[in-house]
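The tour below moves from one selection to the next.

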2 protein chains.
Amino acid sequence: MAARPDNTHQARLLRLLRDEGARSRAELGEVVQLSRSKLALELDRLVTLGLVESAGLAVSRGGRRSGIMRVASRVRFVGIDIGATSIDVAVTNGELEVLGHLSTPADVRDGPAIILDQALELLGKLRAKGVATEINGAGIGLPGPVSFREGMPIAPPIMPGWDRFPVLEAMSQELRCPVLVDNDVNVMALGESHAGLARSVDNFLLVKIGTGIGCGIVVNGEIYRGVSGSAGDIGHIRVDDRGPTCSCGNTGCLEALFGGTALARDAVVAARSGRSPFLAERLSETGALTAQDVAAAATAGDAVAGQMIREGGRHIGKVLASLVSFFNPGLVIIAGEVADLGHILLAQIRSVVYQRSLPLATGNLPIVLSELGGTAGVIGATRLISDHVFSGTHA
Amino acid sequence: MAARPDNTHQARLLRLLRDEGARSRAELGEVVQLSRSKLALELDRLVTLGLVESAGLAVSRGGRRSGIMRVASRVRFVGIDIGATSIDVAVTNGELEVLGHLSTPADVRDGPAIILDQALELLGKLRAKGVATEINGAGIGLPGPVSFREGMPIAPPIMPGWDRFPVLEAMSQELRCPVLVDNDVNVMALGESHAGLARSVDNFLLVKIGTGIGCGIVVNGEIYRGVSGSAGDIGHIRVDDRGPTCSCGNTGCLEALFGGTALARDAVVAARSGRSPFLAERLSETGALTAQDVAAAATAGDAVAGQMIREGGRHIGKVLASLVSFFNPGLVIIAGEVADLGHILLAQIRSVVYQRSLPLATGNLPIVLSELGGTAGVIGATRLISDHVFSGTHA
DNA sequence: TCACTTCTGCCTTTCAGTGGACAAAGTCCG
DNA sequence: CGGACTTTGTCCACTGAAAGGCAGAAGTGA
């Protein structure tokens, strides 16, 4: 079934039904400026394609009841969010409502064969539950630089073995449906733009602080990827001339000062030195420390942990202040595991940004934590592929 | 004469004729995918509107000779580039070739009434020479934040008295033609995108180092202005925690370290302290020093001046390295008076950026000096308004 | 039950665009 | 120099799509 719309009107109708939910024919006619005959024609075609279906009658507005149209209830999109240490897979309907969501810990360094197999396995479990039969498209987010056009990772630092592996090709053959592959940060930004706080904002930034640090850039409602697809790669901006050495070879990179890895490293140091009893206890219990432990310590009132977070917030704030002056966004979202550090971090970032950027740029600039959390990635992935499938941009 | 095209085809034809020059009807037919009859129809309409005219016959391609079409020779656009210390006015034909260009020193702090009058006076002189009778549109660049939609400056730091002055309204009434107003840096970026090194680059940055420091951002061939129009305002990014106090109140701003004003200030200090005999002599000759004097000193082999430029280049490079990582542009252009400092500056900037940004972003990233120099602004201004007039985006 | 409203499907009218035919204007070759 | 072939521009009949009128279906309220 080559269920692809073939014109702009159909694309508009599909996106409207996806984002605003079911709508009566009469309402659709008022929103999109089309004659009744044209509207009926295009809707008929979409019904024939199997992308739209009628769903009973609307309540009367004083006369004959109008027929309700919606995205076909059998439409299914798959979102796959591969992180450095986890895999998330979700299945949504045509309105991008999550019907099923599974997650599993995984080490991306195991390579594409193993990791993609695990993702397919999760999808298999969801299918076994009956949430999906046929799949209309799948979006995939990967934790590193991706060539969007080619659908493959390019020299990813934390994903050895993935370099130039044809993820798009492999997965579209496996799933027999359209597939798009993008950077996980971009995918999260799309998720926030679709279902999160950025819904009404055209230009915004999403800063993800996970194992590494990246930034999704949305311009005019669309992901900006730069000329070689590496836009938003802010983890290696230098913030401290005398900082620690980073995996990239330079010193003082943002990521080396406050990524998940850096935070864990500093936490271990603090525990061993005896400056933080809380972290020392955790370390002896579990044998390792993560960003979550630091968050827990700070919440429990541990001074050293609090100081670590404030310090990190200052570094993020410094970089963000520059980017805000440069990009003048309407919103900044902080996301990623480390975002669990919560309001201590947020307060520090806000204070630095508001102090260092010009009033014209910060005057009406909310800086917020992601509301979607772990689902932003998978939702964004389905949004990515649904935009593609609904646009009729043929492969 | 409401000479506005009314559809996309006409806009495409006009832009093609503007950017690629006169073309035979046959060639136009091959480039835009239109049937011969439709093409003839649209061209006829454009001729009726007075925007296009025929210009003789092309050489034969083996059969009947084709008729050449071009943008009407009577079409005139005006570009006005108001800088902190100068006014440039140029008149171009419909292909944006400069027919006349006048420049005068001026102090923007004299306020809108005086400055805009001076600009109109320059335009009057050009008209007196006969380069223009009727004017189809005018673009204006101003040295500060501009609300593009409203066509007026918003809280400009170096333009007291201009705040919310309705430049667009005033000038369009005066000139009786469509007018657009934008930040001078954006306008320069458009100029480089039209006639400079950025012609084939979709995403690039133009860093202007003049009295202040600003950055024009081009995304997908169009100026990105941000949500409140202040995007690219990089002059007040902090680069040195212990730097001098800036006019904005913060310390260590890029602009306070290496703007034209800062450079002149440092030059005077160097001259008075006796460390630079060259600058001392210049100072005693003219009673003041500018960026040009520093450039001259460096060229003459003055060690202190060279050091000042290298130091400045390092600061610019630091900021630029961050922006390159973030934005992943295909080109960076250095422009402004201070760009006269030339290759010493450029070499320093390149060295810092290439060292500090990731290979994926810098792999194919030229960093160059502006070729257009002083004309980038006026050309960009005419490009701005011609895009508007040719698009049929009615006022 | 009746007057009125809203909504949809059908049908006719209208119109812009296409593509072919034809004439005009050249080239090329014997 | 003339005829065959090529390219270009215009004219026109045809086509397909969109708009809008009309009528019937389906509702409300008195």
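Which exposed residues does the face of α3(A) turned away from its buried side carry? Select S37(A) and T48(A), which are the exposed residues on that face; exposed here means over 50% relative accessible area, buried under 20%, and partly exposed in between, with a 1.4 Å probe and protein chains only. Before going further, note that this is a predicted model, in which local features need pLDDT of at least 70 and side-chain atom pairs count only at pLDDT 80 or more, whereas totals for chains, interfaces and linings use all residues. Residues are numbered from 1 along each chain as its sequence is written, chains are lettered from A in the order in which they are written, and side-chain values use heavy atoms, without hydrogens and water.

Now show the whole of α3(A), residues 36–49, whose 14 residues reach 20 Å from the first C-alpha to the last, close to the 20 Å expected at 1.5 Å a residue; helices are DSSP runs of H or I with at least four residues, and strands are runs of E with at least two. Next select L39(A), E42(A), L43(A) and L46(A), which are buried in this helix. They lie on the same side of α3(A) because they cover an arc of only 100 degrees around its axis, taken from the directions from the axis to the C-beta atoms. The buried residues of α3(A) pack against α1 (8–20), α2 (25–31), β2 (52–57) and β3 (67–71) of chain A, where contact means heavy atoms within 4.5 Å. Just after the helix, G50(A) takes a positive phi of about 85 degrees.

Over all chains, seven aromatic pairs are counted. One of them joins F326(A) and F326(B) edge-to-face, at 6.0 Å centre to centre and 90 degrees between the planes, and this pair crosses between chains, from helix α11 (residues 303–327) of chain A to helix α11 (residues 303–327) of chain B. F326(A) counts as buried, at 0% relative accessibility. Another pair, F327(A) and Y224(B), is stacked, with 4.8 Å centre to centre and 15 degrees between the planes.

Finally, select R225(A), whose charged end sits over the ring of F148(A), 3.5 Å from its centre; this requires CZ of Arg or NZ of Lys within 6 Å of the ring centre and within 35 degrees of the ring normal.

Terms used
Expected span 1.5 Å × (residues − 1). Phe/Tyr/Trp six-rings, centres within 6.5 Å; stacked < 30°, edge-to-face > 60°.
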